[in-house]
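I opened my notebook and wrote down what I looked up, one entry at a time. Keep the picture in view while reading.

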Amino acid sequence: MKSRKEQPARSTISGSRVQTIFYSAAALISVLGLAEATYLTVVYLSGETAVCGGSSDCFQVLGSSYAKIGPIPVAGLGALAYFSAFSLATFSAFGYGRARTLFGWTVTAMFLMTLWLLFVQAFLLHAFCRYCLFSAAIIFLLMGLLVARPRPEPERS
Amino acid sequence: MRRYLPFIIVICVALLAVGGGAFLYRTKRAANPALKISKTETERPGEIVHVLGPADAAVTLEEFGDFQCPPCGKVSEPINQLQKQYNLRVIYREFPLPIHAHAKEAAYAAEAAARQGRFWQMHDLLYREQAVWSQSLDARALFNAYAGMLQLDLDRFKRDMDSSEVQRQVELDQHRGTAIGVKNTPTIFVNNEALTSEQMNPAQLPATVEAAVKKAKPSS
């Protein structure tokens with residue numbers, strides 16, 4: 001009788017631990033993306049993308065009109081998005097329920113934006129920037145984690 | 001303590017990102033010091049200089065350009081307009097970058113056209129048609145077609161493109177650029193002072209040149 005009562009409790013603890021591990025991994029991956037997007041923002045702000053001299057494909061992508069929305073560089077928006085994903089994943093790892101929902105929405109929005117940017121590189125610019133591809137890989141990984149994440153078990157009465 | 005831990009982690013990462021970004025920005029700015037053409041820099045013997053505008057112009061704009069570089073293409077027309085508007089002295093130097101497959105050949109084409117007195121026409125045509133020949137597998141055929149459009153002697157143009165004099169001319173320009181510290185294109189000097197990438201922006205360039213003209217002629 002005693003062991004029957006303990007069973008759901010053990011399962012909840014184990015599920016919670018898996019969720020903590022999952023969101024911690026997502027936070028670590030987001031930090032990688034944040035570092036990369038910060039670097040690209042600095043490259044943009046220092047004016048390096050406004051001249052030729054580095055990788056020509058990267059210039060073509062980062063110096064194109066698609067690399068900014070108004071005066072704001074897409075890399076800067078990316079850095080903000082990665083920081084949001086990191087913060088939400090961190091709070092989720094500490095058990096904040098609402099942060100988990102917001103994390104899902106944030107990663108989905110980043111994934112959709114990544115699909116658009118990949119389309120731009122492949123079909124409009126005909127050039128791929130390795131930094132952008134690295135960022136796309138990170139977001140695909142986050143999206144993969146989001147899809148495969150363990151769902152909280154429904155509470156039993 | 002556990003309650004505050006996520007806040008502490010998030011704030012630490014935010015500070016790290018902002019601090020790291022600021023440090024990287026400063027490092028990059030310090031690595032690219034402002035270039036300047038020294039007054040002792042003179043033309044080498046046998047060097048042909050492509051100049052538009054009067055020798056006694058108040059403002060001289062010297063560009064190190066690569067015909068396959070898109071930002072060079074973007075500033076080309078604004079520079080032409082500014083030259084006419086302010087009667088600038090514009091100097092163009094070849095600086096084809098190795099990352100661009102056809103840049104050197106394009107520079108040879110412009111120099112070959114210069115041998116028949118059509119440098120600036122070829123310069124404008126190459127920038128105008130940049131998107132076409134840059135993607136072409138046989139850019140040389142297009143350069144020959146452009147020479148035909150400019151009514152050049154085609155046989156002479158082809159010979160000149162392969163000649164050691166034309167290739168030497170491009171090398172001389174490149175050596176001059178490298179000696180000054182040019183690494184990227186376009187690198188633009190206004191009265192021997194290099195412009196920053198913001199100043200070179202086609203939207204900002206007119207204001208930059210106007211300021212230089214006012215500085216050179218304070219009374220007008």
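**Entry 1: the two chains**

I started with chain B, which has 10 helices and five strands. My notes take helices (H or I, at least four residues) and strands (E, at least two) from DSSP runs, numbered from the N terminus. This is a predicted model, where local features need pLDDT of at least 70, side-chain atom pairs count only at pLDDT 80 or more, and totals for chains, interfaces and linings use all residues. Residues are numbered from 1 along each chain as its sequence is written, while chains are lettered from A and ligands numbered from 1 in the order in which they are written.

I then went to chain A and found five helices and two strands. Read from the N terminus, its elements go α-α-β-β-α-α-α.

Next I looked up burial. A residue is buried if 20 or more other C-beta atoms lie within 10 Å of its own, exposed if 12 or fewer, and partly exposed in between, with C-beta atoms placed from the backbone. In chain A, 39% of the 157 residues count as buried. In chain B, 35% of the 220 residues do.

I also checked contacts, where two residues count if their C-beta atoms, placed from the backbone, lie within 7 Å. Taking contacts with a separation of 6 or more, residues 24 or more positions apart account for 72% in chain A. For chain B that share is 79%.

**Entry 2: where the chains touch**

**Entry 3: a helix pair in chain A**

I picked α3(A) and α4(A), residues 97-125, whose axes come within 8 Å and cross at roughly 150°. Axes here are lines fitted to C-alpha atoms, for helices over the stretch in contact, and angles run from 0 to 180 degrees between N-to-C directions. That angle makes α3(A) roughly antiparallel to α4(A). The cut-offs are under 35 degrees for roughly parallel, over 145 for roughly antiparallel, 65 to 115 for roughly perpendicular, and oblique for the rest. The crossing is left-handed; that label applies if the near helix is turned anticlockwise from the far one by less than a right angle, and right-handed applies if clockwise. Among the residues making the contact are A:A81, A:L88 and A:F91 of α3(A), and A:L102, A:F103 and A:M110 of α4(A). I noted 10 nonpolar, three polar and one charged residue in this contact.

**Entry 4: helix α6 of chain B**

Just after α6(B), I spotted B:Q151 with a positive phi of about 55°.

**Entry 5: around strand β4 of chain B**

I looked up B:F189, which sits in strand β4 (residues 187-190). B:F189 is buried, with 20 other C-beta atoms within 10 Å. Leaving aside neighbours within four places in sequence, B:F189 contacts B:I37, B:E62 and B:A194.

In the loop between α8 (164-180) and β4 I found B:P186. The peptide bond from B:T185 to B:P186 is cis, with omega near -5°. The loop between β4 and β5 (193-194) holds B:N191, whose phi is near 50°, positive in a residue other than glycine. B:N191 counts as partly exposed, with 16 C-beta neighbours inside 10 Å.

Key
Nonpolar A, V, L, I, M, F, W, Y, C, P; charged D, E, K, R; others polar.
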